[in-house]
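Hello,

Here is the structure I promised to pass on. Please open it first, then read my notes below.

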Amino acid sequence: MKKRILAAALCALLLLALCACGLFAEPEEGDASPQSGAKTAAPAYPAAPERIPAETVFPLLGAPFTDAESEAMLNHLCRRGALFSDAEYFSVCRFATGESALAHFDVIDLGLYDPSILCRGFEASYLCERGGRLYFLGENGRPESMLFDGADRRIELDAPCRSVQLFDGALCCLTEDGVLLALRGEERETLLDGCSWAYVCGEGVFYTATADGRAHLFRPADRSDLCLTAGAADGLAVIGDKLLYLTPEGEGYALCALSLRDGSEQRAKGALACVPDYLYTADGSWQLRATLTDGTEVLVPFSSLFRAELASLAPAAEARRCRMLDGDLHTDELPEAAAAGEPCFALVLPDGREMRYAAVEDKAG
């Protein structure tokens with residue numbers, strides 16, 4: 001509720017607070033780096049639990065995913081590049097040179113103020129927070145954390161990783177070699193191996209297997225491993241009781257949905273170039289922003305996804321990439337604007353207005 005109240009008030013104050021002046025000056029040398037006393041990984045990980053192939057019996061979920069549960073999975077899917085935490089906002093942005101930075105804003109009296117650079121030289125992703133610490137996939141793909149003001153920055157695992165997330169008190173890291181680890185202080189537990197992508201939730205671990213490229217659900221309680229798709233599946237997203245995924249089709253991908261209630265399947269009419277973005281509409285329903293194989297970007301109401309030809313839908317105004325979904329708010333990356341040297345990130349407000357920004361000095365101000 002607090003976020004929705006904040007979102008509504010930002011409509012009136014955010015543009016005045018931020019668009020009237022530049023956000024950042026170019027950085028100076030000597031920005032903070034991970035401390036030399038950072039945590040390091042053990043030479044070998046604990047063995048992964050045995051996976052027991054099990055029959056896929058529907059329904060698979062104890063209850064359909066709530067919007068909040070779907071939103072958490074979708075933020076993991078889009079490599080979350082922005083984060084609201086009560087009175088603070090973090091976001092990836094870029095300098096005019098193209099260099100990436102992780103920025104911090106204070107949320108004061110329903111506006112964003114006092115921008116500062118926490119770290120730069122790489123694109124932070126998978127932002128998440130717990131107990132006043134910000135966790136993210138950092139420099140050279142190592143999981144890192146720091147306090148909200150950038151102090152006490154440290155490496156949590158000295159190994160390149162594909163993703164990080166927080167779940168059940170643990171920092172879950174998927175290493176480049178496909179091992180899913182749960183870090184609890186100095187304790188390390190191997191949850192799974194052989195993953196090219198993984199997401200941990202209350203139902204278990206949804207993952208794409210390196211061996212067969214298919215979507216699986218692993219349940220640690222009984223070690224059962226359920227194969228969910230007949231073919232390759234990427235971009236896994238659960239909305240309600242449907243698992244959405246991409247499977248290769250021609251020069252692109254078909255967007256498919258598996259009902260986790262009864263096992264029925266649907267396939268969208270048209271090929272996509274990449275994983276779509278999932279957003280809320282003004283009435284609180286879901287919408288997809290999808291890029292077709294010809295480069296056209298379309299907006300698709302979730303209710304029309306498997307009924308209309310995707311190519312017949314209204315094209316979006318410009319190419320975008322969602323980096324944060326937070327209820328009525330979302331943060332978009334604007335690749336075309338970035339290529340033109342213009343502000344390349346946008347915080348989109350509940351009423352559709354937005355504030356575009358980049359880590360550059362406003363010369364006009």
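Strand β26 (residues 329-333) is largely enclosed by the rest of the structure, because 5 of its 5 residues are buried. Bear in mind that this is a predicted model.

Side chains in a regular strand alternate between the two faces of the sheet. In β26 both faces are covered. Leu329, Thr331 and Glu333 are buried on one side, His330 and Asp332 on the other.

Now its partners. β25 (residues 321-326) runs antiparallel to β26, joined by 5 bridges. The hairpin they form has 2 residues between the strands, and glycine 327 there takes a positive phi near 65°. β27 (residues 345-348) also pairs with β26 in the antiparallel sense, over 4 bridges.

Follow glutamate 333. Opposite it stands arginine 321, and in β27 phenylalanine 345. Its side chain also meets that of arginine 323 in a salt bridge (3.3 Å, N to O). That pair links strand β26 to strand β25, 10 residues apart. Glutamate 333 has a relative accessible area of 9%, so it is buried. Arginine 323 is buried too, at 0%.

The whole structure holds 26 salt bridges. One network links Asp277, Arg289, Glu318, Arg320, Asp332, Glu354 and Arg356.

Two further pairs are worth a look. Arginine 223 bonds to glutamate 50 in a salt bridge, with the closest N and O atoms 3.5 Å apart. These two sit in separate loops, 173 residues apart. Arginine 184 and glutamate 189 form another, at 3.1 Å. Arginine 184 is partly exposed at 32% relative accessibility, and glutamate 189 is partly exposed at 33%.

Best wishes

Key
Residues are numbered from 1 along each chain as its sequence is written. This is a predicted model: local features need pLDDT of at least 70, side-chain atom pairs count only at pLDDT 80 or more; totals for chains, interfaces and linings use all residues. Side-chain values use heavy atoms; hydrogens and water are left out. Buried means under 20% relative accessible area, exposed over 50%, partly exposed in between (1.4 Å probe, protein chains only). Two strands pair if DSSP finds at least two bridges between them. A salt bridge is a side-chain nitrogen of Lys or Arg within 4 Å of a carboxyl oxygen of Asp or Glu.
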